[in-house]
Amino acid sequence: MRPHRLSFTGIGPYPSAVEINFDELTTLGLYLIVGPTGAGKTTIFDAITYALFGKLAGARSSQPIISDHDSAAPPLVELEFTHKGRRYTVTRKPSPPGKSTRPTDHVLRAHASEDDPASEDHKVTGATRVTDQIGAILGLDASQFNRVMLLPQNEFQQFLLANSSDKEKLLRSLFDTDLFHRTEEELERIARDLSSEAEEAGRELDSTNRQVAAERNRLIEAGLLPDPDSADQDSAESPQDGPTEISVEQVCAEVAVLHQTALATHKDLTARAEAATEARITADGELIRYSAYSELTELRAKAHELDPVLRHDEDLLLAHTAALSLTHEISQRDLAAHLVIEAQQSLTDARSTASSQISPLASLHPLVAQFHHSSQHGLPAAVATAFTNLTTAVGASAQRHADAHSARQRAAACRVRHAETTALLLTRTEQLHLTEENLESIQKRLEVAQAATLNLADLLSAVEDLKRQELAADLSAPLTALEEAQAQLHSANSTAQTAQADLHRGVMARTQFLAGELAQALSPGDPCPVCGSKEHPSLAPLSPDAPDNIRLAELRDQAHDQRLRAEAELNRRLDALAAAQKAADQLAPPEQRDRLRAEYLQAEDARREIPELSAQARDLSERLTTVRTNITELGSEVDRAVREAHQADKEASENSERAEIAEENLPPITALLNELAGFEEIVQTLVDRLAHYTPLEKDASERVSQMLESSTFPDEETALAAVLEEATHHIITERAQLARARDQRIIHLEGVIGDRPVPDIAPDLEALQVAESDLRSQVTAAGKAAAQLDGSHNRLTAIARALDELGPTVAVKHARAARFRDIVTIMRHGKMPHFALERWVQRAIFEDVCQVASERIKVLSAGRYLLTLNPQDGRAKAHAAGLDLYVTDSHTGRTRPVQTLSGGEQFLTSLALALALADVVQQMSGGMELASLFIDEGFGSLDGETLDTAVDVLRSLQDSGRSVGVISHVEAMQNDLPVGIRVSPAPTGSSITFPALNKN
């Protein structure tokens, strides 16, 4: 990484703009940065760190970067730098604490050409995205950057004196050795999982073995296997030392034999049960014949005993049947005589009732008197004629009076209609005036609406233009697209960082692979091709094949290209957002836009109102015509009602004069006719009934006399006495039915008994049923036992298969778990205690750092000191994994801790260690370019000779192509080295000059 230009404004003690051209300072090689304490020398380094990472690092991370001068310009930091042949410009606008920043406040631009800073390939915006992108480009974070390029005041000396634990944290951050720590943890997790799986498989194996014992115990409890405990008690002469374990194969064999025995027993019991069933069925048939013979004997004896009673019942039933016909005819004769007498009495009663009703009204009309005479003495035809004549006269008179009444009602209705029509005519006249007024109002509104729509087209065009402007000024869609592009860029940055980390780990793995290859070729006593030592206490193990770093580099480049595409997309989204913002700025004021919309809406409302107003005007015109027509028709209706009332009065007078019966006599005569309606039919019915029943009575009397003469009964009383009472007849009939049923039962029993001899005693059916049931129970038990044994045999066979599979599986799982535990133990502890893999890698890397640092310390200390990790040569095994630093003093020949060095010696050693650390980081970061180095203070504790030596060492960095800027107050250094930057404080703020450049 090579800085070209740094500019900043409103930062720290610099309220105004400052610009530093590092390309010009690089020509000086080694130069000084001088100025009074507090003037702002270190602020230059802070500006570089903030430009790259958006924050300060180390002890200054909590200090504010924004200038607190009242006259300070808005804060801004911009840095141009080149890395791996590509030029970048990063710009940041710091915000006060608590205030959020916009994405455009932090911008990273990648330039298409290193020689043309104005060319732009793509850019990234947003604080986090810019920081992530720079981290991916450099492969360093802020803390690591301060360790390898910016060496802050006193901080790099702290690393020299830090304990092993603190050094381990920094080395893990710089060289990503956390990979080995995570590998140890993952292998340990795998070992734990494999151990758990092995233990689970062991528990499953034990559980399966317990299933064998459980299955055997179930068979013993069911009585299907002998109990070994009872057998041991019976054979006390040969006691056993402990329980004998029985294999699943042995139990399977025992169960198979018992199953076959159970099947044979079940078959034998089934045959015996079938034979018992046949014997029980035969005995059941014989028992039925025996019972039938006993019942038949009883029924025959009963029949012989009841035979005389049945013959007497037959005689009574014959006499009863003969008497029934004669008594029936006698009843018919008596009924006919009764009906004749009843008809004669009913006719007399009917005539008397009619006479009592007609007599009071006979004087009202001659036809009433004629009807009264016919009802008392006339035949049914005369009665009917008189009733019809009176009815006709009543009906004609009632119709005349009804027509007169109807005519009077019509006249009244016409008068009512005349009044209603007259009132409606007045209402229609008022409606006419109101409709004329409404029509005039609607016509005026229509003229106003038509005038309001004259400029509607212009208003519509203006509103459409406004909609297009507002759509272009809508920020929601561009903001959403911008957020999506930012998320894609963040994902691309993560992918690029991962690819960079994979490549870094691949380089380290390649280094380990080469170390292992070299270690395999070493023999005791041969010098190491790397360090030259003839002792090899800790040989690097042979690593697997080295990864394909070329492929990893291709993946890193692909991820980088994807990140560039994401940056370009984000820039396009930012341009779209800027265009939308520009359109928003050009929009008319809201009140002007609202006024335009209101005018358009008013004109549009008027346009929509015109058809409705026109329709209303047409409707009112039509309604006006209708009302006028209706008024004319109502006038005609008034005249018609007057004429119809006069005609109805005339018809009423004529009908009243033509009525035969007076209106006041009609109600009593009508009521009489209603009461006597059907009287003539009653008379006719009663006369017909007398004519019908009189010959019937005569015929019935003649038949009774003839039947009595031909019967055995001397008179009617004897015949009536021969008819049985209902209860007696029921008893005799029921007794006859029982006799017939008994005879049928005797015939059935004779068929059941048949021709074979009947047993002398009844078979013992209950004993046979008990024997059959017992055998059936034994068959069921035998079948159940056979099924249980078959199921047990199947389960035991399955258990045997499971044991065959589980046994080897458990052993394999335990072996794998043990192998992984051994691997974890080796990686975590190695051959020596407390020698973890990560610590071994760190120590190997740190030994390289110490070796590089020793070259510079040898120069700085005039060959006196060398830096080492071993506390004392030959006795380092007890602490071989430690990261504590020691110096080997050639004056005393002893090795001692670096804490024993003097202040100046510690500074020189810290400087050499920091430079070596930067060199090794650069070597192991895929060829990272660290073209510039900045050192902050620390040279004041050196004497003149040592200071000269330190300057020579720094010049050696210049010879290797680096430019070195040193902050120092030492005058001797200012006499020997050019002052590249001078910081001058003032009440209005600090300023910067470039003395060495101005001289040139």
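User: How many helices and strands are there in the protein chain?

Analyst: The protein chain has 25 helices and 15 strands. Here helices (H or I, at least four residues) and strands (E, at least two) are DSSP runs, numbered from the N terminus. Keep in mind that this is a predicted model, where local features need pLDDT of at least 70, side-chain atom pairs count only at pLDDT 80 or more, and totals for chains, interfaces and linings use all residues. Residues are numbered from 1 along each chain as its sequence is written, and side-chain values use heavy atoms, with hydrogens and water left out.

User: How do I read a sheet, and what is the strand order in the open sheet of 6 strands?

Analyst: In general, strands of a sheet pair through backbone hydrogen bonds, either parallel or antiparallel. For the pairing itself, DSSP must find at least two bridges between two strands. In this open sheet the order runs β2-β1-β4-β5-β6-β7, and the pairing is antiparallel. β2 (18–21) and β7 (122–125) sit at the edges with a single partner strand each, so one side of each has no neighbour in the sheet. On average, neighbouring strands of this sheet are turned by 10° against each other, direction ignored; axes are lines fitted to C-alpha atoms, for helices over the stretch in contact, and angles run from 0 to 180 degrees between N-to-C directions.

User: Which helix packs on the sheet?

Analyst: Helix α2 (residues 41–53) does, touching β1, β2, β4, β5 (86–92) and β6 (106–110). Contact means heavy atoms within 4.5 Å. The direction of α2 makes about 75° with that of β4. As for β4 (residues 76–83), this strand pairs with β1 (residues 2–9) in the antiparallel sense over 7 bridges, and F81 in β4 is the bridge partner of P3.

User: What about aromatic pairs: how many does a search of the whole structure find?

Analyst: Rings of Phe, Tyr and Trp (its six-membered ring) pair if their centres lie within 6.5 Å; planes under 30 degrees apart count as stacked, over 60 as edge-to-face and the rest as tilted. The search finds 4 such pairs. For F45 and F934, the ring centres are 5.3 Å apart and the planes stand at 55°, so that pair is tilted. F45 belongs to helix α2 and F934 to strand β12 (residues 932–936), so the pair ties together parts 889 residues apart in sequence. Ring pairs also link F22, F45 and F934 into a cluster. F81 and Y88 make a stacked pair, 5.4 Å centre to centre with 25° between the planes.

User: Are F45 and F934 buried or exposed?

Analyst: Buried means under 20% relative accessible area, exposed over 50%, partly exposed in between (1.4 Å probe, protein chains only). F45 is buried at 5% relative accessibility, and F934 is buried too, at 3%.

User: How long is helix α3, and how covered is it?

Analyst: Helix α3 (residues 127–138) has 12 residues and spans 17 Å from first C-alpha to last, close to the 16 Å expected at 1.5 Å a residue. That expected span is 1.5 Å times one less than the number of residues. α3 is mostly covered, with 9 of its 12 residues buried, among them R129, V130 and D132. G139 follows α3 and has a positive phi, near 75°.
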